[in-house]
Amino acid sequence: MGAETAFQALCRAAQTATGITFYDRPTEPGVKLSYARLQRKAEQAANLLVSLDLPRQARVALIARNDADFVTLFFAVQAAGCTPCNLAEPHPRKDRMAEVQRLAQYLAAAKADLLIADDDILEMVRGSALVASVQLVASQSLLDETEATAFVPRQHEAADLAVIQFTSGTTSQPKAIALGHSALDHAVRALCTRLQVGPSDCALSWLPLAHDMGFVGMLLCSVYSGIELHLLSPRAFLRAPLDWLDLCARTGASITYVPPFGLELCSRRQQAENRPLPALAKLRVIGVGAEPIKAQVLQEFIARFGLGGREGVIHPSYGMAELGLGVSIGSGIREGICTDNGGGYLDCGAPLPGVDVSIVDPEGQLCAEGQAGRICVSAPSLATGLATFAHPKTAQPLYDTGDIGFLRSQQLFVVGRGDHAAKVNGRMINLDDIDQLLRETTGCTSKDVVSVLEEGPDGRAALVIYLHSTAAAEPEVKGLEAAVFQAFGAPCRIVLTPTSPTRFSASGKVIRKSPDRV
C-alpha cells in the first residue's frame, strides 16, 4: 500500500461509525463529530478554498486550537491541495503587540501565503505591517453551512508537503518543520504499529494540537486507525487535572499521552484532594514524553492512582517534530546505567519500525554500548531540508538531534537535551538534575534557578548556575557550590541574580542561556 495523505486516511475512517468528541469541560457531555461528517465539512471548506484561486501547495496558516474548527480546516487545506501550517494560538492574557510579533515570526518561518483565523485574531493582526504580505481569511466564511456541491480533491505529488509544524525545543525562535506526505504517513503508521492500535481502542487527549505529540500522536493516529478520540483543551486540563483521568474512566479510554509535568500535577492534586480513584482498567497505554522523564515521577503516579502491578501501562517515549514525532517507545519503568557517570536513566525503548538510532561521539564515531553521546537518527519520516551527515559505517544520512543518550541491548536511554547535558572534567552531567538539587536545597521554584554551560578561560565547558537572590544569601553560595560538587563531581560557579534568571520557550521549556543573553 502506498503512502496515504491525512485527508485520504480521513475518507477511510469515514466508512466507520467513529469520530471525535470535543469537550469544553471534561465534567460535561462533549459534542461528537463523526469522521463521516468531518469529511463532508472538510470537503465543503476545501471547495471554498479552491475558489480563492490559491496555487497548489500554497502555505495556509491555521490556529491550532483543540476544537472542531481547526480539525476541519486542517483536512480542508490538505484536500484543496495546499499545505497546512499549524500555529499555536496567541495567549489571551499576554501583551497584544508582543503576541502580534510572535505570530508574525511564525508566519514568516512557515513562509505562509494565507492565514485563516477567527475574527478576534484577524482584528488583532489586521493593519500590522508585520503580516502585510499574508492574505487574511475569516475561518467562519469557510465553515458556514452552504449547499453541498460535488468535491474533487486535488491530486498530490510524491514531493508535496503534508504539513508544517513547529519544533517545541529550547529556542526562543520558531523553527518550521516541513513533512512530506510520505514522511507523515510513515510517522503515524510507525506509532500505531508500536502501540498496536486496533479498532477496539479509544484515545483521549488534552495535548495541544499545535504540538507534534497532540497532533500526530493523538489526532492523526486516531484518524488513521479509525478509532474514537475524545479531545479537550490544555486549559481544561490545567484547571482540573484529575478530571482528565475521570474522563478516561467514563469514556473507557485505552490510550492517552501526557508530559511528565502532567503526571506530577495529577499526583499533587490527588494527594491534596484525596478523590476516589478513577477506574482505569481499560487504560492500557499512558504514553509519557515531550520532556525529560524521571522514574520517580512515574513511580509516584503509579502508587498514587492504584496502578501497582500495572507498570507496563506506562510507555516512556522519545521523539521530535523533525521525525514527525516518534523515535522510540518503551514499556514499564526500567533504568540503565551510563558508563560515563554511573547514573541511572530511564529506558525509552527500542526504535520504532523504520527508525535507526546511532550514538555518536564528538569525532563522529559510534559510541560503545552504555557510552553516552549524541543521539542521531535516520528514518523515512525525516523532515525535508534538514542537515544530515553520513553514518560512519553504512553512509546512510543521519540527523543529529542534539540530545545526549546511550544504547543498551538496542534500547535507548536519554540522558538529556544537548544543551542540558554535557561532559565536565570527563564526567557526564545533566543540568536538569543540578537544577533539581538547588530547588530541593533552597526551596526555590523552577523560574529561580538555571544551570548553564559556558566557555571557561581555558576554552573548556564550565558550569555556571544562575540563582535568584531570594533563594540564597551570598554567605551560602560556597556551601551550595560544594553540594553540587559532592553530588555530581563537577565544579561550578553560582551567580546570584536580582531577578528570576530562567527564561522559557513558547512551549514552556527552559532556555539554557545566561539571563543577559536571552
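This report describes selected strands, helices, ring pairs and salt bridges of one predicted protein model.

The model is predicted, so local features are taken only where pLDDT is at least 70 and side-chain atom pairs only at pLDDT 80 or more, while totals for chains, interfaces and linings use all residues. Residues are numbered from 1 along each chain as its sequence is written, and side-chain values use heavy atoms, with hydrogens and water left out.

Helices (H or I, at least four residues) and strands (E, at least two) are DSSP runs, numbered from the N terminus. Strand 10 covers residues 228-231. In a regular strand the side chains alternate between the two faces of the sheet. In strand 10, Glu228 and His230 lie on one side and Leu229 and Leu231 on the other, and all are buried. Buried means under 20% relative accessible area, exposed over 50%, and partly exposed in between (1.4 Å probe, protein chains only).

Two strands pair if DSSP finds at least two bridges between them. Strand 10 runs parallel to strand 1 (residues 19-22), and three bridges join the two. Phenylalanine 22 stands opposite leucine 231 in this pairing. Strand 9 (residues 202-205) also pairs with strand 10 in the parallel sense, over four bridges. Here serine 205 has leucine 231 as its bridge partner. Between strand 9 and strand 10 the chain passes through helix 8 (residues 212-225), and this β-α-β crossover is right-handed. That term applies if, with the strands pointing away from the viewer, the path from the first strand over the helix to the second runs clockwise.

## Helix 10

Helix 10 spans residues 241-251, and its buried residues are Pro241, Leu242, Asp243, Trp244, Leu245, Leu247 and Cys248. These buried residues pack against strand 9, helix 9 (234-239), strand 11 (255-258), helix 11 (260-273) and helix 12 (295-304). Glycine 252 follows helix 10 and has a positive phi, near 70 degrees.

## Aromatic pairs

Rings of Phe, Tyr and Trp (its six-membered ring) pair if their centres lie within 6.5 Å; planes under 30 degrees apart count as stacked, over 60 as edge-to-face and the rest as tilted. The count by this rule is eleven aromatic pairs. One of them joins phenylalanine 237 and tryptophan 244, with ring centres 5.7 Å apart and planes at 80 degrees, so the pair is edge-to-face. Phenylalanine 237 is buried, with a relative accessible area of 0%, and tryptophan 244 is buried at 1%. Phenylalanine 406 and phenylalanine 413 have ring centres 5.0 Å apart and planes at 5 degrees, so this pair is stacked. Phenylalanine 406 is buried at 0% relative accessibility, and phenylalanine 413 is buried at 5%. Ring pairs also link Phe70, Phe74, Phe75 and Phe215 into a cluster.

## Salt bridges

A salt bridge is a side-chain nitrogen of Lys or Arg within 4 Å of a carboxyl oxygen of Asp or Glu. The whole structure holds 21 salt bridges, including those in the table.

| Salt bridge | N to O distance |
|---|---|
| Glutamate 4 and arginine 189 | 2.7 Å |
| Arginine 126 and glutamate 123 | 3.9 Å |
| Aspartate 243 and arginine 275 | 3.0 Å |

Aspartate 243 lies in helix 10 and arginine 275 in the loop between helix 11 and strand 12 (285-288), so the pair links distant parts of the chain, 32 residues apart. Aspartate 243 is buried at 12% relative accessibility, whereas arginine 275 is partly exposed at 24%. Salt bridges that share partners join Glu4, Arg12, Asp185 and Arg189 into one network. In the pair of arginine 126 and glutamate 123, arginine 126 is partly exposed at 49% and glutamate 123 is exposed at 51%.

## Threonine 497

Threonine 497 lies in strand 27 (residues 492-497) and is buried at 9% relative accessibility. The side chain of threonine 497 reaches the backbone oxygen of threonine 499 at 2.7 Å. Leaving aside neighbours within four places in sequence, threonine 497 is in contact (heavy atoms within 4.5 Å) with Tyr466, Leu467, His468 and Ser469.

Key:
A polar contact is a pair of N or O atoms within 3.5 Å; within protein, one must be able to donate a hydrogen and the other to accept it, and residues adjacent in sequence count only if both atoms are side-chain atoms.
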